[in-house]
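Biologist: Please take a close look at a single part of this model and describe its surroundings in one connected account.

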Amino acid sequence: MIKEFEKRLLSSLILIPIAIFFIFQGSVFFTFFLSILFLVTSYEWLKMIKKNSLLKILGIIFLLFSFYAAYRIREGENFKLFLFIVIICISTDIGGYIFGKIFKGPKLTKISPKKTYAGVIGSFLLSLITGLTFIHYFAKDPTKLNTEGLPILLIILSISFVSQIGDLIISYFKRKSKLKDTGKIIPGHGGLLDRIDGLIFVFPTLFILFLIIGLIK
């Protein structure tokens, strides 16, 4: 566990600052960043789904929409909203991993044997802690995260929930393809799709929601 955790931690310490740099830069930099992510995840998806041509096409279309949704949420002055979403998803992943390893307990589903109920609780708990901390320190900024009229606790828990569902969906396809990881590009994590499986489901979900309530026009 320690060696695996060290690999995950080292990879995260390298990749997270890079990701934050592109998120803050926006514009052409962010578009380039999303394009690279799209190409890598698309490659991993096609490699994972070897036989079903229709599923391959639908997956690529979904990934394209997901990254488009990410771009739309980030554009303008919404980088803090974007960063908030990313932080919640990362916290969900870390909380699930740590609580699952420490407390173990009953398995959540056969789709992903490593997932436990303790991990689910840890995902929600850490996402709440980091999400509320983020809101506390950025809510009074002139370019504040726009949460007016929205129950922030519900938003955080919903993001965490969708992120966990995304994780399970990708785990399902990995299990069907008899793969442990979608790739080997990130030491300790596996493929890029393994790491952003929650985000690729959260962004399109929130994009549609934000369009409905008028946060994005």
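Modeller: Leaving out neighbours within four places in sequence, F203 is in contact (heavy atoms within 4.5 Å) with S66, A69, A70, I73, F82, I85 and V86. The model is predicted, so local features need pLDDT of at least 70 and side-chain atom pairs count only at pLDDT 80 or more, whereas totals for chains, interfaces and linings use all residues. Residues are numbered from 1 along each chain as its sequence is written, and side-chain values use heavy atoms, with hydrogens and water left out.

F203 is among the residues with the most contacts inside the largest nonpolar core, together with I73, F82, F84, I85 and I159. That core has 43 residues; such a core is a set of buried Ala, Val, Leu, Ile, Met, Phe, Trp, Tyr and Cys residues joined through side-chain atoms within 4.5 Å. At least two core residues come from each of several helices, including helix 3 (53-74), helix 4 and helix 8 (199-213). Helices here are DSSP runs (H or I, at least four residues), numbered from the N terminus.

Helix 8 has 15 residues and reaches 21 Å from its first C-alpha to its last, close to the expected 21 Å, a span defined as 1.5 Å times one less than the number of residues. Its buried residues (under 20% relative accessible area, 1.4 Å probe, protein chains only) are L199, I200, F201, V202, F203, P204, L206, F207 and F210. Their cover includes helix 3, helix 4, helix 6 and helix 7. After helix 8 comes G214, with a positive phi near 90°.

Notes. Buried < 20%, exposed > 50% of the residue type's maximum accessible area, 1.4 Å probe, protein only.
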